[in-house]
Amino acid sequence: MTTIRVRRPPQLVGHVELPGDKSISHRALILNAIAEGTATVRNLSGGADVVSTAACLRALGVEIEGDEVRGVGLDGLRAAADPLDCGNSGTTMRLLAGLLAPQPFESRLTGDESLRGRPMDRVVEPLRRMGAAADAPPLVVGGRRPLRGIAYRMPVASAQVKSAVLLAGLYASGRTAVIEPAPTRNHTELMLAAMGAPIGVQGIAITIDRAERLKPIDVDVPGDLSAAAFWLVAGALHPHADLTLEAVGVNPTRTALLRVLEESLGARVEVRNRRLAGPEPVADLAVATGTRGGPLKTGRALAAQLIDELPVLAVAAALLPGEHEIRGAGELRVKESDRIGALAAGLAAMGADVEELSDGLRIRGPRPLEGARVESRGDHRIAMAFAVAGMLADGVTEIADAGSAAVSDPGFWEQAARFGAVK
Ligand code: S3P
C-alpha cells in the first residue's frame, strides 16, 4: 500500500494530461468486440478498470492488439476457461453481465473484495425477467436461451444497469425498453446508434430491438471529464492557478459538473473549441483561480449526473462559504467504497465542518483545511479527492493507499508531482 504525501504547490499553472474517458473506453472495447470486423480505438484509458475489461474480452476469444479490436460478431464469443476477473470495475462486471446473459454458455464474473461486495441484484433482476439464467453473488449468467424483450422501469438511476439491459436486448426477441428514473450518461446509446443498432431514444425511455449485426466503429476516446474534475476544482480554488485541459468529453449527460462549477460556485471555467469526436462532443477546457462561493445544493436528479464528481465537489464545499448540501446521493454508499463515510472521515480529519447524512453530506464552509493522515479506502476517486484537498490545505496530507488512483487515472500522481504537489 503506497502512502503519498501531498502539499499545496506554489502554483498550479500549465497543461493537464488526462486519461481517455473510462466509460467510453469500456464501451468502445465491449461493443466493438461483438461487431463484424476490426475497429481502431485511439486514446483508450490505460486505467486498471479498462485493462480488466480488455482482459475479460480476450478470455472470451476477442483479439485486442495495440489500438485494434477484432470483432467476433454478435454470436462469436466463446466460453472463458476461468471466472472472468473484473478487478475493481463495476462497469466491467455489470456491462459484461448484460452481454453474457444471452450467450449459449455460462459465465462466472468475479473481482476484488470491493467489487464482490457491490450490489449485482440490480442487473440480475432485469436479466431474469428477460428469461436469462442469472444469479448473484457470485455473479453467474448465461446458458439459457432465448431471451425476450421487456419494458424495464429502472429503480435506480444507473448507466451501468441501463447498458446491461440494452446489451441483453440486442439478443432478445421483440423490443426491449428501459425507462430511467433520471437521465444518466448515454455513451452506450450513442455508440450503438453509430454502429447501426436498432435503438431509439425518447427522453428517459430507450428502446432496442434484436440486432442482426453491428458495424465496427473507430473511436477517438475523448479525455475523461471525471478525471478533469479533480483539476478543475483544484484550479478554481488554488490561489495561483491557470490550467488547460485539451479534448475533454463534454457529452451533456456528463457536464452537470461544469454547470455546478460555473453557476453555483462561480468558478472561472472556459469551454472552448467545441467539436465532435464521432458521436461524442469534446472541447478544450481552461480554469483559473477564483470562485464566488456557494452554496452547493444537489438533489436526486443532479446527483445522478454528478455521481463521480461529488467527492471532489465535497472538498470544494468545505473551503467555500455557505451551508452546502449533497442529498439524494445514497448511491455513493455502494461505489468502490462507502464514499459518504470515507469523505466525512477524511474531511473531518482535515478540519472541515462536515455532517454525514444517510444519502449525502452537509458541509458548512468555509473552513481552512489542515494536512492530516486520511484513508482512501482503496477507492480511486477518494484518493484523488483527498489529493486535491491536500493541494489546497496547509501542511502535509498523507493519503493511505493512494496508488488506487490508477484505477481510472494512471498518470494522476505524475501530474501532481509535475506541479510540485507531491512531497
Ligand atoms: C458508469 C456509470 C456510473 C459511474 C461509473 C461509470 C458507466 O455508475 O459511477 O463510474 O460507465 O456506466 P452507475 O451507472 O452504476 O451509477
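A residue counts as buried when its relative accessible area is under 20%. The legends below describe close-up views of a predicted model.

**View 1. Helix H6, residues 159–169, is largely enclosed by the rest of the structure.** Eleven of its eleven residues are buried, which is why helix H6 is described as enclosed. Among the buried residues are Ala159, Gln160, Lys162, Leu166 and Gly169. At the start of H6, the backbone nitrogen of glutamine 160 has a side-chain oxygen of serine 158 within 3.2 Å.

**View 2. Strand S7, residues 107–110, has one covered face and one uncovered face.** Ser107 and Leu109 make up the covered face, while Arg108 and Thr110 lie on the uncovered one. Strand S7 runs parallel to strand S6 (residues 84–85), and two bridges join them. Leucine 109 of S7 is the bridge partner of leucine 84. Together with helix H3 (residues 90–100), S6 and S7 form a right-handed β-α-β unit.

**View 3. Strand S7 also pairs with strand S9, residues 139–141.** This pairing is antiparallel and has three bridges. Serine 107 has valine 141 in S9 as its bridge partner; serine 107 belongs to the covered face of S7.

**View 4. Serine 337 sits in the loop between strand S19 (322–326) and helix H12 (339–349).** Its relative accessibility is 8%, so serine 337 counts as buried. The side chains of serine 337 and aspartate 379 make a polar contact of 2.9 Å. Leaving aside residues up to four places away in sequence, serine 337 touches Leu332, Ala342, Arg377, Asp379 and Ile382.

Note on methods. Residues numbered from 1 in each chain as written. Predicted model: local features only at pLDDT ≥ 70, side-chain atom pairs only at ≥ 80, totals over all residues. Heavy atoms only, no water. Helix = DSSP H or I, 4+ residues; strand = E, 2+ residues; numbered from the N terminus. Buried < 20%, exposed > 50% of the residue type's maximum accessible area, 1.4 Å probe, protein only. Polar contact = N/O pair within 3.5 Å; in protein donor to acceptor, adjacent residues only side chain to side chain. Contact = heavy atoms within 4.5 Å. Pairing = 2+ DSSP bridges. Right-handed = clockwise from strand over helix to strand, strands pointing away.
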